[in-house]
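Hi,

Here is the structure I promised to pass on.

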Amino acid sequence: MKNKNERTLVLLKPDAVQRNLIGEIVSRFERAGLKIIAMKFLLPTKEQAYKHYVKNEEEIEALGNRSIEGKRKNGVEVTMDPKVLGQSIIDRLVEFLSHSPVVALVLEGSNSIPIVRKMVGSTEPLNSDVGTIRGDYTIDSYALADDDNRAVRNLIHASANEFDADYEIKAWFNDNEIYTYKNIRDAVLYDERFN
Ligand code: GDP
């Protein structure tokens, strides 16, 4: 059965907040038809940031492998152990997220997980398409970020799949901070007739 209520977790990372892009980014999601069902502004603890990125031990190596794949696309061969690389990226992300406020939100809507990922664009700003959030508002690259020993500045995190979305929503929100409500757009977006 098609699910109109698929949920996804979005984080506006410190660079989005610092660059005054909160409204711009949130309004893109609103205009797409996604419904905000939870939203908060907070300074994450190191533990919260770590828990968000490390769902299980395999995630460390998987992140390293995704990074190696991304670099390969740029013609850069990496010989580093994926687990070591993954851990160093996580350390940099934890440092980044726990030093300046972020916005966390839960978006709901049909296929919200793949739709939001499409709107966000690919991980490395150098390669994210024009028209995506990362493509339109960022100019960073892995090479520059790695040289400076920091996380690549790509403004935003969005859940990659249903498992991650469930886990991440629980990591950032209590049940009583999430609101289920009717929105007039729902009828226009999904119903055959508006009445
Ligand atoms: P996402 O789902 O598109 O955010 O991508 P990943 O889950 O693969 O990576 C998580 C985050 O780690 C990214 O959003 C980047 O901020 C950062 N990151 C990933 N790969 C690299 C890398 O090779 N170098 C640096 N400096 N940061 C990286």
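First, the ground rules. This is a predicted model, so local features need pLDDT of at least 70 and side-chain atom pairs count only at pLDDT 80 or more, while totals for chains, interfaces and linings use all residues. Residues are numbered from 1 along each chain as its sequence is written, and side-chain values use heavy atoms, with hydrogens and water left out.

The helix pair is α3 (residues 46-53) and α5, which pack at an angle of about 140 degrees with their axes 9 Å apart. Helices here are DSSP runs of H or I with at least four residues, and strands are runs of E with at least two, numbered from the N terminus. The axes are lines fitted to C-alpha atoms over the stretch in contact, and angles run from 0 to 180 degrees between N-to-C directions. That angle makes α3 oblique to α5 (under 35 degrees is roughly parallel, over 145 roughly antiparallel, 65 to 115 roughly perpendicular, and the rest oblique). On the α3 side the contact is made by K46, A49, Y50 and Y53, and on the α5 side by Q87, I90, L93, V94, E95 and L97 (contact means heavy atoms within 4.5 Å).

S98 counts as buried, at 13% relative accessibility (buried is under 20% relative accessible area, exposed over 50%, partly exposed in between, with a 1.4 Å probe and protein chains only). A polar atom of the S98 side chain lies 2.7 Å from the backbone oxygen of V94. Leaving aside neighbours within four places in sequence, S98 touches L43, P44, T45 and K46.

Next, two residues in one loop. N149 sits between α8 (142-147) and β4 (156-158), and L155 is in the loop between α8 and β4 too. Neither is a glycine, yet phi is positive in each: about 55 degrees for N149 and about 70 degrees for L155. Buried or exposed? N149 is exposed, with a relative accessible area of 56%, whereas L155 is buried, at 0%.

Last, L189 belongs to helix α10 (residues 184-190). L189 is partly exposed at 42%, and its C-alpha atom is 29 Å from that of T123, 66 residues away along the chain.

Cheers

Notes. Polar contact = N/O pair within 3.5 Å; in protein donor to acceptor, adjacent residues only side chain to side chain.
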